[in-house]
Amino acid sequence: MQTSDAAVAVGFEGVTPILRVGSVTASIDYYVAKLGFKVDWQTPIFASVSRGKCCIFLSEGDQGHPGAWVWIGVEDAEALHKEYQAKGARIRHPPTNYDWAYEMQVEDLDGNILRLGSDQKRDQPVGEWLDMDGARWASSADGRWTKVG
C-alpha cells in the first residue's frame, strides 16, 4: 500500500476521546473529586477535563454511547489504584499484570471504562482479564484466552 506525500506531510497531534455522559455537572464532580482531573473548560452540555497529558471531553446526551472504553497510559498504576481507593472511585478491576501493561479498570458514573496502565511487571504472571460483560478470562500457556467465569 502506498501513501501519498500529503498524508506523510500532515502530522497528527494527540487524540481526545469524547465520552457520552448523563450529566456534565455530575461527571465533572466525579472526574475532579474521585479521579484527580481538572476542568479545562466547560459549557452547559460539554466539557474538557484533563490530568497530565490526558484530556477527555464529556458530552451530555450526545456524541457516542455510554459504556465506551478508553486506554490511558500512566506512570504507576499501583500508586494510582491506592489513590483511587482512598477517594472512593469506582474500581471495576484492580491492577493486574498482562503482556501489554500492568493495568486496572475504573468506571465513571455512566459506565464508561478507563483502562489505566503502566509498564508490565515482568516478575509477575499474567492475571485474569475482566471483559465488558463482567466475565473473567484467563490466559493459557499457549497465549490463548479462555472464559473462566
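## Sheet, fold and surface

Four strands form an open sheet of mixed pairing, in the order 5-8-7-6. Strands here are DSSP runs of E with at least two residues, helices are runs of H or I with at least four residues, and both are numbered from the N terminus. Two strands pair if DSSP finds at least two bridges between them. Strand 5 (69-73) and strand 6 (90-97) are the edge strands, and each pairs on one side only. On average, neighbouring strands of this sheet are turned by 20° against each other, direction ignored. The axes behind that angle are lines fitted to C-alpha atoms.

Strands 7 and 8 pair in the antiparallel sense over six bridges. Here M104 stands opposite L116 in strand 8.

| Strand | Residues |
|---|---|
| Strand 7 | residues 102-107 |
| Strand 8 | residues 113-118 |

This is a predicted model: local features need pLDDT of at least 70, side-chain atom pairs count only at pLDDT 80 or more, and totals for chains, interfaces and linings use all residues. Residues are numbered from 1 along each chain as its sequence is written, and side-chain values use heavy atoms, with hydrogens and water left out.

The chain has three helices and eleven strands. From the N terminus, the elements run α-β-α-β-β-β-β-α-β-β-β-β-β-β. The C-alpha atoms fill a box of roughly 50 × 50 × 25 Å, taken along the principal axes.

Of the 149 residues in the chain, 34% are buried (under 20% relative accessible area, 1.4 Å probe, protein chains only). The chain exposes about 9,100 Å², and carbon and sulfur atoms supply 52% of it. These areas come from the Shrake-Rupley method with a 1.4 Å probe.

Key:
Buried < 20%, exposed > 50% of the residue type's maximum accessible area, 1.4 Å probe, protein only. Axes fitted to C-alpha atoms, helices over the stretch in contact; angles between N-to-C directions.
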